[in-house]
Amino acid sequence: MARLEIKDLHVEVEDKDKKSRKKILKGVNLSLKTGEIHAIMGPNGTGKSTLSETIMGNPRYHVTQGDILLNNESIVEMPVDERARKGLFLAMQYPAEVPGVTNAEFLRAAINARRPKDDPISVMTFLNELDKNLDLLDMNEAMTERYLNEGFSGGEKKRNEILQMLMIKPSFGILDEIDSGLDIDALRVVSRGVNAMRGDNFGALMITHYQRLLDYIVPDVVHVMMDGRVVKDGGPDLAKKLEQEGYAGLRDELGLDI
Ligand code: ADP
Ligand code: MG
Ligand code: MG
């Protein structure tokens, strides 16, 4: 079993010009084990993407207090690739386009980066797994020979993020709004991919605005973030309650003035 712990995390983000910093996360606490799927909900601008970028190690996000532990080891000083090797994966809200690298090349490199240098994945195994996962996600084989995300539609990018996750098999997947911009069919397909990962060796932190996704991927735990903090934890019912009462209802309940 693997464990990801976020302890009293405070994060400041750097402006594009690197001249000023803004305080975004103000003491986030959260603990996740493999075998569990957690959802994070919360209004726009609350720091959900900041949390995911910080867990993965985007250098623009500065941890000023607190810690992130993966199996009791602090990862806040580790570069992104080392975190990936240790089993973290981020499906980004806005996946980047990488011209010049095909999807298939990227996948093999990412898989091999997590294996011993003298034991790369065999071509047969790679192609078999790719085939199986393309089927699962209703994706066309031609997608794998295209440059990574280049010219992909919003929905294709999201599917492709899930394809990467299925192929790389991380211990923890952080999924930032994988449901945004998806029609209902694409949502079903993406959910099928995440549900296929479910099991003792996988945990997920699933960020979403909408309860709808949680009908397809039923979370074990729901966290609500507001103003840079987790303000409430609960089960799947909490997401349903939020859908009905909105964040204003929760603000009143908690006596929050934000
Ligand atoms: P959410 O994902 O919950 O909508 P974000 O983490 O994207 O929230 O953003 C939280 C706040 O931090 C917002 O006010 C946003 O404008 C700001 N922010 C996030 N990332 C950056 C960045 N790279 N540069 C400047 N401001 C940022
Ligand atoms: Mg947002
Ligand atoms: Mg976001």
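Which residue follows helix 4, with a positive phi? In this predicted model, that residue is Asp138, with phi near 50°. Asp138 is not a glycine, yet the value is positive. The residue lies in the loop between helix 4 and strand 8, the latter spanning 147–148. Asp138 is partly exposed, because 13 other C-beta atoms lie within 10 Å, a count between the limits of 12 or fewer for exposed and 20 or more for buried.

Helix 4 itself covers residues 123–136. It contains 14 residues. From its first C-alpha to its last, helix 4 reaches 20 Å. That is close to the 20 Å expected at 1.5 Å a residue.

A positive phi also occurs at Asp227, near 45°. This residue, too, is other than glycine. Asp227 sits in the loop that links strand 11 (221–226) and strand 12 (229–234). Asp227 counts as partly exposed, because 17 C-beta neighbours fall inside 10 Å.

Asn71 provides a further case, in a hairpin. Its phi is positive, near 50°. The hairpin is formed by strand 4 and strand 5, with two residues between the strands. These strands run antiparallel and are joined by two bridges. Strand 5 comprises residues 73–74. Within the pair, Leu69 has Ser74 of strand 5 as its bridge partner.

Strand 4 (residues 61–70) is also paired with strand 1 (residues 3–14). Here eight bridges are found, and the strands again run antiparallel. Val13 stands opposite Tyr61 of strand 4.

The surroundings of ligand 1 were examined next. The ligand is surrounded by 13 residues. The closest are Gly45, Thr46, Lys48, Ser49 and Thr50. Two elements, strand 2 (21–33) and helix 1 (48–56), each supply at least two residues of the shell. Helix 1 gives the most, with three residues.

Note on methods
Residues are numbered from 1 along each chain as its sequence is written. Chains are lettered from A and ligands numbered from 1 in the order in which they are written. This is a predicted model: local features need pLDDT of at least 70, side-chain atom pairs count only at pLDDT 80 or more; totals for chains, interfaces and linings use all residues. Helices (H or I, at least four residues) and strands (E, at least two) are DSSP runs, numbered from the N terminus. The expected span of a helix is 1.5 Å times one less than its number of residues. A residue is near a molecule or strand if its C-beta atom, placed from the backbone, lies within 6 Å of it. Two strands pair if DSSP finds at least two bridges between them.
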